[in-house]
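Thanks for making time this morning.

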Amino acid sequence: MMGEVVTLCQRDKLASGEAQRFDVAGHRIALVRIGEDFYAIGDRCSHANYSLSEGEVYPEDKEIECWKHGSTFSLETGEALSLPATKPVPVYEIVLEGDEVKVVLP
Ligand code: FES
């Protein structure tokens, strides 16, 4: 595995359907929990500097919506799925170890 593995939090910190922002080593990350799965994407909307973790999570579609202008992003690929955003946001690999949720920083 390439990159540095950093612990973000304990699993119980987030309920299913919740998102939370973490700032680690210069990366601004939106961590999202859906059921027992976690997703980590760049927290900065690719349209403007707004926090994706403050937007609504759509668990069934595995998407998060930017609260500012309504673009949705795939939690799996970071792809912008609706306008006005057109560029993807980064995706971070998740590592679950015991109760801890970790991400791999590139
Ligand atoms: S800032 Fe996110 S869609 Fe405009």
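Ala40 stands opposite Tyr92 in E8, and this is a bridge position in the pairing of E4 with E8, two strands that run antiparallel and are joined by 2 bridges. When I say that strands pair, I mean that DSSP finds at least two bridges between them, and the elements themselves are DSSP runs numbered from the N terminus, helices being H or I with at least four residues and strands being E with at least two. Please keep in mind that this is a predicted model, in which local features need pLDDT of at least 70 and side-chain atom pairs count only at pLDDT 80 or more, while totals for chains, interfaces and linings use all residues. Residues are numbered from 1 along each chain as its sequence is written.

Let me place that pair of strands in its sheet. In an open sheet, 6 strands follow the order E1-E9-E8-E4-E3-E2 with antiparallel pairing. E1, covering 4–10, and E2 stand at the edges with a single partner strand each, so one side of each is left without a neighbour in the sheet. On average, neighbouring strands of this sheet are turned by 30 degrees against each other, direction ignored; the axes behind that angle are lines fitted to C-alpha atoms, for helices over the stretch in contact, with angles running from 0 to 180 degrees between N-to-C directions.

At the E2 side, E2 (residues 19–24) and E3 pair in the antiparallel sense over 6 bridges, and Arg21 stands opposite Ala30 in E3. The hairpin of E2 and E3 has 2 residues between the strands, and in it Ala25 takes a positive phi near 50 degrees, although Ala25 is not a glycine. As background, most residues other than glycine have a negative phi, and most peptide bonds are trans.

Is Ala25 buried or exposed? Ala25 is exposed, because 8 other C-beta atoms lie within 10 Å, and the scheme calls a residue buried at 20 or more other C-beta atoms within 10 Å of its own, exposed at 12 or fewer and partly exposed in between, with C-beta atoms placed from the backbone. Leaving out residues up to four places away in sequence, Ala25 touches Val6 and Leu105, where contact requires C-beta atoms, placed from the backbone, to lie within 7 Å.

There is also an open sheet of 3 strands, with the order E5-E6-E7 and antiparallel pairing. Its edge strands are E5 (57–58) and E7 (72–74), each of which pairs on one side only. E5 and E6, the latter covering residues 63–65, pair over 2 bridges in the antiparallel sense, and the bridge partner of Val57 in E6 is Ile64. In the loop between E5 and E6 lies Lys62, a residue other than glycine whose phi is positive, near 55 degrees. Lys62 counts as partly exposed because it has 16 C-beta neighbours inside 10 Å.

Turning to the packing, the largest nonpolar core has 22 residues, and those with the most contacts inside it are Ala30, Leu31, Val32, Ala40, Ile41, Leu52 and Ile64. Such a core is a set of buried Ala, Val, Leu, Ile, Met, Phe, Trp, Tyr and Cys residues joined through C-beta atoms within 7 Å. E3 (27–34), E4 (37–42) and E9 (100–105) each supply at least two residues of this core. Which residues does Ile41 touch, not counting those up to four places away in sequence? Ile41 touches Ala30, Leu52, Phe73, Leu75, Gly78, Val89, Pro90 and Val91. Val91, found in E8 (residues 91–97), counts as partly exposed with 18 C-beta neighbours inside 10 Å.

Finally, the chain as a whole. Its secondary structure comes to 0 helices and 9 strands, and 30% of the 106 residues count as buried. For 106 residues, a compact globule would have a radius of gyration near 13 Å, and the 13 Å of this chain agrees; the radius is taken over C-alpha atoms, and the globule rule is 2.2 Å times the number of residues to the power 0.38.

Technical notes:
Contact = placed C-beta atoms within 7 Å.
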